Amino acid sequence: MGFSGVVEPIVAGDEAIRRALDDAFLPALLPALAHATGDLSLMREGLLPQALAPGAPQGGMTEEQQATAKDLALDALRKLRDGTIVTPSGGDEQRVLSIIKWMTGDKATEDYIPLLLEELAPSEEDPRAPQWRMQPGTAFKVAIIGAGMSGILAGIRLKQAGVPFEIIEKNADVGGTWFENTYPGARVDVGSAFYSYSFAQKIDWPKFFSPQQTLLEYFRGVVEEYGIREHIRFNTEVLSAKWNDANAQWSLRLRDATGAEETLEANALISAVGQLNRPNIPDIDGRDTFAGAAFHSARWDHGVDLKGRRVAVIGTGASAAQFIPAIAGDVSELFVYQRTPNWFVPVPTYHDDVPDGLLWLFRHVPSYAHWYRFWMFWMTTEGLLPAATVDAAWPEKERSVSMENDVLRMLLSGYIQSQFGDRPDLLEKVMPAYPPAAKRMILDNGVWAEALKRDNVQLVTEPIERITPAGVTTADGVERAADVIIYGTGFTASQFLVPMKVFGRSGTELNEQWGGDARAYMGVVVPNFPNFYMMYGPNTNIVVNGSITYFSECEMRYIMGCLRLLVQGEAKALDCRKDVHDAYNQRIDEANRLRAWGASGVNSWYKNRFGRVSQNWPFNAIEYWQQTREPDPADFVAS
Ligand SMILES: Cc1cc2nc3c(=O)[nH]c(=O)nc-3n(C[C@H](O)[C@H](O)[C@H](O)COP(=O)(O)OP(=O)(O)OC[C@H]3O[C@@H](n4cnc5c(N)ncnc54)[C@H](O)[C@@H]3O)c2cc1C
């Protein structure tokens, strides 16, 4: 599955190449061809992509720039085909640096270079893999809770270092989010090439944004390729974990599908239970009295045929925005209960297949797929972070938080206006009143407006008062009858690790220590809980930049560094220092207050019940990479 450096020889004629170029992503093709041919003049100054346009087609290149780029690419491809130019040997690093500088508009400073080179490395080099191996026979075992994207990654890294491990998974298969969320229309909103492990890349993703089934197959494939499945105990839930200072071990209480319980001992414990794994079902009066079928989007009941039925959907967040357009055409009536409208980001290719020409180019241009992924990576390292950052002097913070944020607001409101301009009744309901990026923005290719404008669909913004046996009643006293209720109400994201109980030193329970306000150092370790590590833990979620897979890779590299200190050092236990943890969290909190999602009063799953942002990483992607490259032993108390 890896991107190998090996590509198929070009035998196609000029016309076929020209056709393929019509599907090319040019801002990454010119760099790939410059890399392959050594002809750096392909990256003309006048062709510089507009690095400020993350989602713009062709990186914001004008039509004229695109035409010139295609001519240059055709010429280079011909030369490669005809053997009139060969890939130069030597000087590769210098060439790569020049290309990076061009692609990033010279913004990639020296600090960035090591990270960017790491991102560009071919899969088989896997620079984030542990560079050490545990001495065979060392008595050390790691337990991992969860076999989603993070838990699988943890298993791969431990295996590479020769550390014995066991993964406990409550489901019958791997995949986590991508196993559980089978609702119609479920898909990722990060480009396929970037929402995948850096060391297990594919050049043949069928869609620009992978649907659930594709991702599930991908994670299953990785599990097979790396031999992880035999390390997983399926259908088994971890109920609790308890640290024992006397023998420096974690003792896990497990329950299998038959209800039988047993204990598992481990020297270190990795929680990879996800932030979005436990559905949130709102406590609406009368909920249990409803006479029809009712289910949450993450527990989609495929046994309920929605054809010709009256359906009430509660919530319009990320999942609902995907399944509402997918079911609107099937049901007889659809009532969409919206509390807060979304900001939508136009992405015309959101549902599209990767076209044949682009696939052909990935197969024939050396390292094109690398540069393509690299472009995505670079575009999302900062992404829209500058546009989500608060300007203290900016007035009216409930509308926008800075000049850049206001510009974004204008762009996005323009899009909503263009979609709903012909329906003023809907327009006033769908236009958000809060700053963009205060909540997760939703990618859209027009299907949202299409669904809401249908005759059989009604957008209800009146607050829900109660659920009755027959349907849903709003505060204005109107009852709308329904046969089925679907909850698109998200997850109990801020209640990290719940319902599991984790007892640290002196028997302290983790959620009691947190008091409902989860924090961690690096999002990974917590004082009082030695040899305990979290993936996708507090403040490691992202809103406008990066991808969760990248964050998990950083977390796991940090965890491997901690484990190395344990297996190769004298200490049996490493406990994060409280002062280090507190100072780190103070910095995180200060920064989150200066982001749209922290400054705005709008409801969102990023905040816990104290109004603190416990989910999100407030800085750019490189800062997380830098901090997590290796642990500083001075941050820990060893015993
Ligand atoms: C509908 C949906 C869409 C998403 N879209 C995107 C997106 O577009 N881009 C993006 O970057 N992220 C997205 N996410 C976030 C997504 O959760 C992460 O990208 C990623 O899948 C997290 O992987 P994980 O392994 O950390 O957690 P999960 O995928 O949640 O896996 C956790 C695993 O732990 C298991 N588990 C939990 N508790 C226990 C226990 N006590 N005992 C045993 N096993 C347990 C679960 O069964 C599950 O298999 C989305 C999430 C959802 C729900």
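Arg519 and Asp589 form a salt bridge in this predicted model, with their closest N and O atoms 3.3 Å apart; a salt bridge here is a side-chain nitrogen of Lys or Arg within 4 Å of a carboxyl oxygen of Asp or Glu. Arg519 lies in the loop between helix H16 (510–514) and strand S19 (532–534), and Asp589 in helix H18 (residues 578–593), so the bridge ties together parts that are 70 residues apart in sequence. Helices (H or I, at least four residues) and strands (E, at least two) are DSSP runs numbered from the N terminus. The model is predicted, so local features need pLDDT of at least 70 and side-chain atom pairs count only at pLDDT 80 or more, whereas totals for chains, interfaces and linings use all residues. Residues are numbered from 1 along each chain as its sequence is written, and side-chain values use heavy atoms, with hydrogens and water left out.

**Salt bridges**

- The structure holds 42 salt bridges.
- Asp589 is buried at a relative accessible area of 13%, while Arg519 counts as partly exposed at 23%; buried means under 20% relative accessible area, exposed over 50% and partly exposed in between, with a 1.4 Å probe and protein chains only.
- Asp22 is exposed, with a relative accessible area of 52%, whereas Lys70 is partly exposed at 22%.
- Between Asp422 and Lys453, the closest N and O atoms of the salt bridge are 3.1 Å apart.
- This pair links distant parts of the chain, 31 residues apart: Asp422 is in the loop between helix H13 (403–420) and helix H14 (424–430), and Lys453 in the loop between helix H15 (447–452) and strand S13 (457–460).
- Asp422 counts as exposed at 55% relative accessibility, and Lys453 is partly exposed at 25%.

**Aromatic pairs**

- There are 33 aromatic pairs in the structure; rings of Phe, Tyr and Trp (its six-membered ring) pair if their centres lie within 6.5 Å, and planes under 30 degrees apart count as stacked, over 60 as edge-to-face and the rest as tilted.
- Tyr112 and Trp378 form an edge-to-face pair, because their ring centres are 5.1 Å apart and their planes stand at 75°.
- The pair links distant parts of the chain, with Tyr112 in helix H5 (residues 112–120) and Trp378 in helix H11 (residues 368–381), 266 residues apart.
- Tyr112 is buried at 7% relative accessibility, and Trp378 is buried at 10%.
- Phe551 and Trp617 have ring centres 6.4 Å apart and planes at 65°, so this pair is edge-to-face.
- Phe551 lies in helix H17 (residues 548–568) and Trp617 in the loop between helix H19 (596–599) and helix H20 (621–628), which puts the partners 66 residues apart.
- Both Phe551 and Trp617 are buried.
- Phe194, Phe377, Tyr550, Phe551, Trp617, Phe619 and Tyr624 are linked into a cluster by ring pairs.

**Charges over rings**

- The charged end of Arg587 sits over the ring of Phe619, 4.4 Å from its centre; the criterion is NZ of Lys or CZ of Arg within 6 Å of the ring centre and within 35 degrees of the ring normal.
- The charged end of Lys202 sits over the ring of Trp205, 5.1 Å from the ring centre.
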